[in-house]
Amino acid sequence: IDSKIDIIFMNIIVIGGTNMTFKEYINKGTVVVHDGKMHADDAFCVAMCNIMRTTQTHEFIKFINIEFAPNHEAAKKFIDDGYLVMDIGLGEFDHHDKDNQRYRDEAKEWPMAAFGRLWEKFGAELIHEYSKCMAEEKIENITVLSDEICEKYSRIFDDEFVKHIDRTDCTGQSSYPNTMSLFISAMNVSVDNRISRFRRVYEIL
């Protein structure tokens, strides 16, 4: 975390969502994404969850359990049970509902995929919990960051990184600085099963 970065956080907008915190979702022990090919969008969603899990357990790469939903109906059952469901299920953290498309700008050049929606709501919380974890472990003299600073970091990370992952996932357009989408997509040729691929990606991230 670079404490010298000064940024402004976007206002959180929740459409049909819940009031659960990211920590509460992660403490349930299971998250849900779609079955089939892995994309940078859902891979980074899972990476976020694993980072939050690490801050709760203080164990590096403490993997969260992942369920793979084959379709929207199967995913909705997990949503009804209070689990965090991403990139499927037509819920708060899915972008496949044609009636619930969201963009970062009026020109609609920067759409929001699952990663962007998850980061928008929980990015600042994740940064706060991560700084708290590092402070407790006395790593690099880091102190617990204020809510204001966490919100600022969240905005800059969205602008510099998250929105590019989202744009590629929604439109297929890939441009610098986003090279991660192609890299992660290429890992689908691996002989590893899907859960192993997610873990390999997270270890790299």
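Three strands, in the order β2-β1-β3, make up an open sheet with parallel pairing, where strands and helices are DSSP runs numbered from the N terminus (strands E, at least two residues; helices H or I, at least four) and two strands pair if DSSP finds at least two bridges between them. Because β2 (65–69) and β3 stand at the edges with a single partner strand each, one side of each has no neighbour in the sheet. Strand β1 (residues 30–34) pairs with β3 in the parallel sense over two bridges, and valine 31 has leucine 84 in β3 as its bridge partner. Helix α2 (residues 40–57) packs on this sheet and touches β1, β2 and β3, its direction making about 175 degrees with that of β1; contact here means heavy atoms within 4.5 Å, while axes are lines fitted to C-alpha atoms, for helices over the stretch in contact, with angles from 0 to 180 degrees between N-to-C directions.

This is a predicted model, in which local features need pLDDT of at least 70 and side-chain atom pairs count only at pLDDT 80 or more, whereas totals for chains, interfaces and linings use all residues. Residues are numbered from 1 along each chain as its sequence is written, and side-chain values use heavy atoms, with hydrogens and water left out.

A search of the whole structure finds eight salt bridges, each a side-chain nitrogen of Lys or Arg within 4 Å of a carboxyl oxygen of Asp or Glu. One of them joins lysine 23 and glutamate 129 at 3.4 Å, N to O. Since lysine 23 lies in helix α1 (residues 22–27) and glutamate 129 in helix α4 (residues 114–136), this pair ties together parts that are 106 residues apart in sequence. Lysine 23 is partly exposed at 26% relative accessible area, whereas glutamate 129, at 9%, counts as buried (buried is under 20%, exposed over 50%, partly exposed in between, with a 1.4 Å probe and protein chains only).

Lysine 121 also forms a salt bridge, with glutamate 92, their closest N and O atoms being 3.1 Å apart. That pair links lysine 121 in helix α4 to glutamate 92 in the loop between β3 (84–85) and α4, 29 residues apart, and both lysine 121 and glutamate 92 are buried.

Within helix α3 (residues 72–80), lysine 76 and glutamate 73 are three residues apart, and therefore separated by about one helical turn; their side chains meet in a salt bridge of 3.6 Å, N to O. Just after α3, glycine 82 takes a positive phi of about 85 degrees.
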